[in-house]
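Dear colleague,

My notes on it follow, and I would be grateful if you would read them with the coordinates open.

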Amino acid sequence: MSKPSSGQHVLLSIVARLGHQVNDALQRLGFATRFFIMLLACSGQSFRRLNLTIREIYFSGFQSLLIIMVSGLFIGMVLGMQGYETLQRYGSADALGVLVALSLVRELGPVVAALLFASRAGSSITAEIGLMKATEQLTAMDMMAVNPIARVVAPRFWGGVISMPLLAALFSATGVFGGYLIGVVFIGVDEGAFWSQMQASVDFRYDVWSGIVKSFVFGVAVSLIAVFEGYDAVPTAEGVSSSIKGTVVKSALAILALDFVLTSFMFRET
Amino acid sequence: MSADNLVEIKDLDFAYDDRPILKGISMEIPRGKVVAIMGGSGCGKTTLLRLIGGQLKPSRGEVLVDGLSVPHLGNDELYALRRRMGMLFQFGALFTDISVFDNVAYQMREHTDLPEELIRDMVLLKLNAVGLRGAHQLMPAELSGGMARRVALARAIALDPMLIMYDEPFAGLDPISLGVIGQLIRKLNDALGATTIMVTHDIQESLLIVDFIYFMSDGKIVALGTPDQIRASKDPFVHQFVFAEADGPVPFHYPAVPIAEELLGRGADEQA
Ligand SMILES: Nc1ncnc2c1ncn2[C@@H]1O[C@H](COP(=O)(O)OP(=O)(O)OP(=O)(O)O)[C@@H](O)[C@H]1O
Ligand SMILES: [Mg+2]
C-alpha cells in the first residue's frame, strides 16, 4: 500500500476539519432552534409571574437609559453640525429638522441603540446565565423542579424585547433634541422652520412605524443571541468569556445584516 | 420490584460520549434507610446521583424511584417526582444573587402558597438545624466553604423530601461540624421518614450513621454490606478504604500510560 504524500495529508485534514465545522454548526443551529421553541413554550408560564420580567426590564432597560440618552444626544449634535454644513450649501438649512429626525427615526435610532444595548445589556445577560450554568445553579434549579428556561431565560429574553423599542425611541428623541440644540440654539437655524418642516415631513405610519419594527426585530435578535450564548456556554471561565464575546460580535453582525434586509423591504420611491 | 425499596437500579450502563462511566450497576435502596455510596475519585458517584435524579439518561438499564421509571418520565412527571427529592450538590450550587434566607426559602416560594410568616419560621428552623440561623441575611459570597455547604444542605431539605441525596456532605467541614452534620443527616432521615443516599469519602463517619454501604470502583459495585459486615470484611477493596491505604485494588491514578514511558517517550520526541 502506498503512503499518501504529505500534500494529500494536508488536503484530507482540511476537508475533515471543514466537515467537522459544518457538522458542529448544524448541530448548534438545531439546538438553537429547539431552544427558541422551548423558550416560547415557557413564556406563558413566566408571564404569569410578571414581576420576574419587570425586574429584567429594570436591569437591562432602565439601567441602559444613561448610556442610550448620552449617546443619542451626541449623535444628534453631530447630525446637527454635519447636516447644517451640507444643507446650507444648497440654501436649505431650514430642512435641518427633517434631516436629523429622519436619520434618527429610520436608521440611527434603532441601529445604534441596538448596538449599545447588545454591549451594555446583552453581554451582561450572557455573563449572568453563563456563570449560573458554570456554577451548576441552573442544574440545581432544574433538580428543584423549577424550569430554568421559564424562570431565568424567558424573563431576560422578554425584558430585552420590551426594552429595545423604548430605548430606541428614547435615543431618537434625545438625538432630535441634540440636533435642535446645535442647529437652533447654537447655529441659529429658524426654530419654527426646524419643527414645522420636521412635523410635515416625518410620516408616522411610514417612518416612525418602520423604526419601531426595526427596533423590535433587533430586540428579538439581540435578546435571543444573549440568552442562547449564556445558556449554551461551555461551563468554565474561558467558556463564559468566549460566550460574552460571541454575544457582542454576533449581535452586531445580526443587527447590521437585519437592518439591510429590513431597509430594502421598507424602501419605497416617493 | 419489591415495594420496600424506594430506589432500584438494575444493570445500569452510562457513557459520556464514548467513555463508559457506569458498567452494569445494580443497587437497592430500602425505604427509610440511610445508604452510603463510596469509591475512588472519578469512579462515577456523582454521575449515579444524576441518573437517579433524571438529569442524565442511561444507555441501558433501569432506574426506578418510588415505582416510577425515571428515564421514561415526561417533563411534568419528572418535575412532580423531583419535588419529592432533595439534592445537595457536590459544589453547593447556591444561588449567588439572593441571600442565604432566600436560598432556603426558594422552593417554598416556588412550589407552595404558604404565607410569608410561615415560610420565615420554616426557613429559620432549617437554618438552625445546620447551625446558621444567625447567618440568614448573608449573601452566598460572604460564606466560608463549609458554611456554604451547610446552607446548601438546609436548602436540599427545605421541602421535607422523601428522598434526600447528598453529594459529599462532609467535604470541607471541620471535625466538630462533621460530627454534628452526620448526626443531623441520620436524625432528619428518621424524623421525616425519608430515605437517604449519601456519597462520601468519610468512611469512619459513615460507619457510625449509615445502614448500608455500597463500594464502587471503575463503574461497578465491588463490595456492599452493613457497617458491621464492612468492619469485619476481608475484601481487599473494603480493607483499603477502611484503613486508607494508598496501595490496593483502588487505583489512585487516573488511567494513563506508565509514567516511565510517557517521560521517556517525550524525551525521544524532542531528540528526533
Ligand atoms: N460532563 C462530563 N463530560 C464528560 N465526562 C465527564 C463529565 N462529568 C464527569 N465526567 C467523567 O465521568 C467520570 C465520573 O465522574 P463523577 O463526577 O461521577 O465522579 P465522582 O465519582 O463523583 O468523583 P469525585 O469523588 O471526585 O466527585 C470522571 O472520570 C469524569 O472525568
Ligand atoms: Mg462527585
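With which residue does Glu116(B) form a salt bridge, and how far apart are the closest N and O atoms? The partner is Arg109(B), and the closest N and O atoms are 2.6 Å apart. Please bear in mind that this is a predicted model. Both residues of the pair are partly exposed: Glu116(B) has a relative accessibility of 40%, and Arg109(B) has a relative accessible area of 34%.

**The interface of the two chains**

The contact between the chains involves 21 residues of chain B and 16 residues of chain A. About 1700 Å² is buried between them, and carbon and sulfur atoms account for 55% of that area. The rule finds four salt bridges across this interface. One salt bridge between the chains joins Glu110(B) to Arg151(A), with 2.6 Å between the closest N and O atoms. Residue pairs in polar contact between chain B and chain A, both residues being at pLDDT 80 or more, number eight.

On the side of chain B that touches chain A, the elements giving two or more residues are helix H2 (75-82), strand S6 (85-88) and helix H3 (100-111). H3(B) gives the most, with four residues. Sorted by class, this side of chain B has ten nonpolar, five polar and six charged residues.

**Helix H3 of chain B**

H3(B) is also of interest for its burial. Nine of its twelve residues are buried, so the helix is largely enclosed by the rest of the structure. The buried residues are Val100(B), Phe101(B), Asn103(B), Val104(B), Ala105(B), Tyr106(B), Gln107(B), Met108(B) and His111(B). What do the buried residues of H3(B) pack against? In chain A they pack against helix H5 (137-143) and helix H6 (148-187), and in chain B against helix H4 (116-129) and helix H5 (145-156).

**The magnesium site**

The magnesium ion (ligand 2) is coordinated by OG1 of Thr46(B) and OE1 of Gln90(B), at 1.9 to 2.3 Å. Thr46(B) belongs to helix H1 (residues 45-52) of chain B, whereas Gln90(B) sits in the loop between S6 and H3 of that chain, so the pair ties together parts that are 44 residues apart in sequence. Are these two residues buried or partly exposed? Thr46(B) counts as partly exposed because its relative accessibility is 21%, and Gln90(B) counts as partly exposed at 23%. The cut-off for buried is under 20% relative accessible area.

**Salt bridges within the chains**

Over all chains, the structure holds 26 salt bridges. Side chains of opposite charge can pair when their charged atoms come close. Three further cases may be of use to you.

- In chain A, Glu56(A) forms a salt bridge with Arg55(A), and the closest N and O atoms are 3.8 Å apart. Glu56(A) is buried, at 6% relative accessibility, while Arg55(A) is partly exposed, at 38%.
- In chain B, Arg231(B) forms a salt bridge with Asp228(B), with the closest N and O atoms 3.1 Å apart. Both lie in helix H8 (residues 227-232) of chain B, three residues apart, which is about one turn of the helix. Arg231(B) is partly exposed, at 46% relative accessibility, whereas Asp228(B) is exposed, at 55%.
- A network of salt bridges links Arg28(A), Glu229(A), Asp232(A) and Lys250(A).

**Glu191 of chain A**

Finally, I draw your attention to Glu191(A), which lies in helix H7 (residues 191-201) of chain A. Its relative accessibility is 38%, and it therefore counts as partly exposed. Which residues is Glu191(A) in contact with, leaving aside its neighbours within four places in sequence? These are Tyr180(A) and Val184(A). The side chains of Glu191(A) and Tyr180(A) are joined by a polar contact of 3.1 Å. Glu191(A) and Gly97(A) are 94 residues apart along the chain, and 9.2 Å separates their C-alpha atoms.

With kind regards

Notes: Residues are numbered from 1 along each chain as its sequence is written. Chains are lettered from A and ligands numbered from 1 in the order in which they are written. This is a predicted model: local features need pLDDT of at least 70, side-chain atom pairs count only at pLDDT 80 or more; totals for chains, interfaces and linings use all residues. Side-chain values use heavy atoms; hydrogens and water are left out. Contact means heavy atoms within 4.5 Å. Buried area is the accessible area (1.4 Å probe) that two parts lose on being put together, summed over both. A salt bridge is a side-chain nitrogen of Lys or Arg within 4 Å of a carboxyl oxygen of Asp or Glu. A polar contact is a pair of N or O atoms within 3.5 Å; within protein, one must be able to donate a hydrogen and the other to accept it, and residues adjacent in sequence count only if both atoms are side-chain atoms. Ala, Val, Leu, Ile, Met, Phe, Trp, Tyr, Cys and Pro count as nonpolar, Asp, Glu, Lys and Arg as charged, and the others, Gly among them, as polar. Buried means under 20% relative accessible area, exposed over 50%, partly exposed in between (1.4 Å probe, protein chains only). Donors are N, O and S atoms within 2.8 Å of the metal (3.2 Å for Na, K and Ca); water is not among the atoms, so sites may look incomplete.
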